[in-house]
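Come along while I look things up one by one.

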Amino acid sequence: SQEKGLQSGLYTFKNHPQKVLQEKKRIKTLMTPEMKLEALSQWPLSAIVTKEFSNELAVKSYKDFLTYFCQKVNLKLLIFGPDTAIGSKRSGSYEKVKAFGKELDFEVVKLPFYTQDNHSYSSTEIKKLLESAQLEKVKNCLGRDYSIKVKREKQESSDAYSVLLNLPSFLSLPSLGVYTVKAKAEEKEFNGTASISPNGKLLALNLDLQKTQLLPKGEWWEV
């Protein structure tokens with residue numbers, strides 16, 4: 001966009017569309033909405049627009065959706081993901097949207113899948129690697145260590161070196177086990193171990209604290 005003298009923006013949904021389209025299906029994500037917005041804020045974007053995906057949006061054709069969208073913004077370049085489709089029943093393929101873009105005066109560019117060692121990785125593939133605890137491969141795909149940012153469980157009494165964190169049911173997580181982790185709260189970092197409860201609802205942190213260190217009381221923890 002910079003090469004073409006355009007401002008860049010990102011349009012995304014607060015909720016996963018499949019949660020509306022397939023209500024009974026358990027949809028897992030790699031990030032919470034808060035984590036996604038925090039990650040996106042690191043990119044040089046002029047604007048980030050988030051919208052709730054609804055049944056009303058689900059029945060719009062790709063032409064109706066794009067016509068509506070172009071009425072709101074002066075769209076000149078649309079970046080398509082490798083498996084993106086727009087509109088009801090995913091009818092707006094890259095080829096169809098590219099052809100329609102000529103009518104509405106915008107260009108469409110399609111990104112390739114992320115490839116490593118001649119293998120293409122999608123978010124679905126990364127979730128499978130994560131759930132089988134192949135964390136080194138997950139790191140290579142993400143370009144960083146896998147991490148989550150979640151709220152602390154309210155504890156009436158707490159061990160001076162342990163913290164319980166709430167895990168959203170929609171997060172993709174490694175298989176049950178004990179993992180060496182780095183944890184961060186209130187700008188303070190700690191080494192320790194983490195284990196997921198059998199029901200997948202809690203993450204137990206056991207931290208290596210020095211005698212002079214106090215356990216942060218902050219609500220949000222990144223692990």
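**Entry 1: charged pairs**

I start with what I will call a salt bridge: a side-chain nitrogen of Lys or Arg within 4 Å of a carboxyl oxygen of Asp or Glu. With that cut-off, Lys-184 and Glu-187 qualify, because their N to O distance is 3.9 Å. I also note that this is a predicted model.

I looked up how open these two residues are. Lys-184 is partly exposed at 29% relative accessibility, while Glu-187 is exposed, with a relative accessible area of 68%.

How many salt bridges does a search of the whole structure find? I get 5.

Next I picked out Asp-105, which forms a salt bridge with Lys-76, with the closest N and O atoms 2.7 Å apart. Asp-105 sits in the loop between helix H5 (94–104) and strand S4 (107–110), and Lys-76 in the loop between helix H4 (62–72) and strand S3 (77–80), so the pair ties together parts that are 29 residues apart in sequence. Both ends are partly exposed: I wrote down a relative accessible area of 48% for Asp-105 and 33% for Lys-76.

Lys-139 counts as partly exposed, at 32% relative accessibility.

**Entry 2: the cores**

I turned to the inside. In soluble globular proteins, nonpolar side chains tend to be buried together.

Here the largest nonpolar core has 30 residues. Those with the most contacts inside this core are Ile-148, Leu-165, Leu-203, Leu-205, Leu-207, Trp-221 and Val-223. Several elements supply at least two residues each, among them helix H6 (123–131), helix H7 (135–142), strand S8 (162–166) and strand S11 (202–207). Which element gives the largest share? I found that S9 does, with 4 residues.

Beyond four places away in sequence, Ile-148 touches Met-35, Leu-167, Leu-171, Leu-173, Leu-203, Trp-221, Glu-222 and Val-223.

I then came across a second, separate core of 17 residues, including Phe-53, Ala-58, Phe-69 and Tyr-94.

**Entry 3: aromatic rings**

Phe-53 made me curious, and I checked its surroundings. Phe-53 is buried, with a relative accessible area of 11%.

The structure holds 8 aromatic pairs. In one of them, the rings of Phe-13 and Phe-53 have centres 5.0 Å apart and planes at 85 degrees, so I logged the pair as edge-to-face. This pair links distant parts of the chain, 40 residues apart: Phe-13 is in strand S1 (residues 9–13), and Phe-53 is in the loop between strand S2 (47–51) and helix H3 (55–58).

Which residues form one aromatic cluster with this pair? I listed Tyr-11, Phe-13, Phe-53, Phe-65 and Phe-69.

I also saw a charge by a ring: the charged end of Lys-60 sits over the ring of Tyr-68, 5.7 Å from its centre.

**Entry 4: a serine in a loop**

My last stop was Ser-172, in the loop between S8 and S9. Is Ser-172 buried or exposed? I found 1% relative accessibility, so Ser-172 counts as buried.

Leaving aside neighbours within four places in sequence, I noted that Ser-172 is in contact with Lys-28, Thr-29, Leu-30, Lys-127, Leu-130, Glu-131 and Tyr-146.

Definitions and conventions. Residues numbered from 1 in each chain as written. Predicted model: local features only at pLDDT ≥ 70, side-chain atom pairs only at ≥ 80, totals over all residues. Heavy atoms only, no water. Core = buried A, V, L, I, M, F, W, Y, C linked by side-chain atoms within 4.5 Å. Buried < 20%, exposed > 50% of the residue type's maximum accessible area, 1.4 Å probe, protein only. Contact = heavy atoms within 4.5 Å. Phe/Tyr/Trp six-rings, centres within 6.5 Å; stacked < 30°, edge-to-face > 60°. Lys NZ or Arg CZ within 6 Å of the ring centre and 35° of its normal.
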